[in-house]
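I opened my notebook to go through the charged side chains of this protein. Here is what I looked up, entry by entry.

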Amino acid sequence: MPLMPSPRHRARTIVRLCGELTSNRTPRVRRKLLRAFARAPSVLEVDLGEVTYLAPEAGALLLAAAATARRAGTRFFIIRASPRSLRVLREPGMQHLMDAPLLPDP
């Protein structure tokens, strides 16, 4: 089921994720992202500052969200990602769909 944004737009929405994002937690992450897209923000930020583990399946879900954002004209950012999370995200080419470089949290 593709992520579909709503026609109305809000300025900015932040999705804060935390803990271990294993394959078992991807349905919950998907629901959070769907709620964020329902707000139809012009900017969507995904905050990974509290994520302790990012499974490849969760990374793939974020990749799908970035692609959906691009199609909808929504700017998409991943913020506060750990170096380990960044490795998972860079693997499938996430950088090409981002509106800012994937950099480690300072």
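The entries below cover the model itself, then the salt bridges, then a charged patch.

**Ground rules.** I am working with a predicted model, where local features need pLDDT of at least 70, side-chain atom pairs count only at pLDDT 80 or more, and totals for chains, interfaces and linings use all residues. Residues are numbered from 1 along each chain as its sequence is written, and side-chain values use heavy atoms, with hydrogens and water left out.

**Salt bridges.** I searched the whole structure and found four salt bridges (a side-chain nitrogen of Lys or Arg within 4 Å of a carboxyl oxygen of Asp or Glu).

I started with Asp47, which pairs with Arg16 at 3.8 Å between the closest N and O atoms. Asp47 sits in strand 2 (residues 41-54) and Arg16 in strand 1 (residues 10-21), so this pair ties together parts 31 residues apart in sequence. Strands here are DSSP runs of E with at least two residues, and helices are runs of H or I with at least four, numbered from the N terminus.

Is Asp47 buried or exposed? I noted it as buried, at 6% relative accessibility, while Arg16 is exposed at 52%. The cut-offs are under 20% relative accessible area for buried and over 50% for exposed, with partly exposed in between (1.4 Å probe, protein chains only).

Asp47 also meets Arg80 in a salt bridge, at 2.9 Å from N to O. Arg80 lies in the loop between strand 3 (75-79) and helix 3 (83-90), so its pairing with Asp47 in strand 2 links parts 33 residues apart in sequence. I have Arg80 down as partly exposed, at 37%.

Next I checked Glu50, which bridges to Arg80 at 3.8 Å, N to O. Through shared partners, salt bridges join Arg16, Asp47, Glu50 and Arg80 into one network.

**Positive patch.** Which residues gather in a patch of positive charge on the surface? They are Arg28, Arg31, Arg35 and Arg39. A patch takes residues with over 30% relative accessible area and no salt bridge, joining like charges within 9 Å and nonpolar side chains (Val, Leu, Ile, Met, Phe, Trp, Tyr) within 5 Å. Arg31 belongs to helix 1 (residues 26-38).

Technical notes
Areas by Shrake-Rupley, 256 points an atom, 1.4 Å probe, with all protein chains shown as cover. Lys, Arg positive; Asp, Glu negative; His and termini not counted. Charge placed at Lys NZ, Arg CZ, Asp CG, Glu CD.
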